[in-house]
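Please look over the sequence and the structure shown here before reading on. The paragraphs below it are a guided reading of the fold.

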Amino acid sequence: MIHYSARLKRDFLNAANFFLGCRSLHTSSSHDCALPFGEALQPLPSKAIWAATKDKLFQGKLDIASLRAITGQIETSSVVFVEDDFAKIWVESILRQGANRPIEHFQVHAMAGDGAAVSMNSYHNTNPAITVPSVCVIDGDSKQDENLSNGVFRLPGNAPEAFVFDSCVEAWPAIGGKLSVALLQEFAESDRVLDACKQVRLSNKDTHLLFSQLGAKLGLIPAQTVSLAFTTIWAQNNKKAVEELAKSILEFSGAGKKSAASA
């Protein structure tokens, strides 16, 4: 207990040194900081980190891009808040495969959970100082309520990683070759890749680790690469679901209309 408390105190002081060493979150030079942003905050649990605006506090780990989104510093037509890194990859794949490639109109930011994503979206859209609209996309198994009038939409399925993984395995006869290539394997090796998918799924005890476990089995492929491969092929193979969600996001945010007007 003594060693743990000492380590936690050290980690907290490192994080504090970061903020004290930064003149501003908006600085253009990283040399102003005592420690890199991610390095300083990484050891701390999500619940120990708070971000503050002039009138509101947000709990959870946020990167610099997300912090800028809070204050309205956005270079695209709109912003999407999601629960975590996998949801970010999946939503970006959906927007990238949607009609007219709406991904170019959006920044997608991963929050520290569904509650943070919904709260951030609500604050963003009710803050009169921010003119860029936002939407929130929660996971299928989220306990938060879907609210179309407030721009809160839900991804299909239940547990996101398991849903995408299982959907692709079920559709393997149609997409197996393409997915194998996306996983940096030979097209002709699709049967071997399918066997690896089935073995990983059978032994997996935490669906959040599905893609990292499959990547390790296929030759130490990064989990992000595996996630991107699955979500991209899933989006290409599920046009109806993709268009429904992409259209809802685009219509609520008005990003497409703004882009056309500026043109």
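This is a predicted model: local features need pLDDT of at least 70, side-chain atom pairs count only at pLDDT 80 or more; totals for chains, interfaces and linings use all residues.

Residues are numbered from 1 along each chain as its sequence is written, and side-chain values use heavy atoms, with hydrogens and water left out.

The protein contains 12 helices and 6 strands; these are DSSP runs numbered from the N terminus, with at least four residues (H or I) for a helix and at least two (E) for a strand. Of its 263 residues, 44% are buried, that is, under 20% relative accessible area with a 1.4 Å probe, protein chains only.

Helix α6 (residues 160–170) and helix α8 (residues 190–203) have axes, lines fitted to C-alpha atoms over the stretch in contact, that come within 11 Å and cross at roughly 140°. The two helices α6 and α8 are therefore oblique to each other, since angles under 35 degrees count as roughly parallel, over 145 as roughly antiparallel, 65 to 115 as roughly perpendicular and the rest as oblique. Ala162, Phe165, Asp166 and Val169 of α6 are in contact with Leu194, Cys197 and Arg201 of α8, where contact means heavy atoms within 4.5 Å.

Helix α7 (residues 172–182) has as its buried residues Trp172, Ile175, Gly176, Gly177, Leu179 and Ser180. Their cover includes α6, α8 and α10 (223–237). Just after α7, leucine 184 adopts a positive phi of about 65°.

Definitions and conventions:
Buried means under 20% relative accessible area, exposed over 50%, partly exposed in between (1.4 Å probe, protein chains only). Axes are lines fitted to C-alpha atoms, for helices over the stretch in contact, and angles run from 0 to 180 degrees between N-to-C directions.
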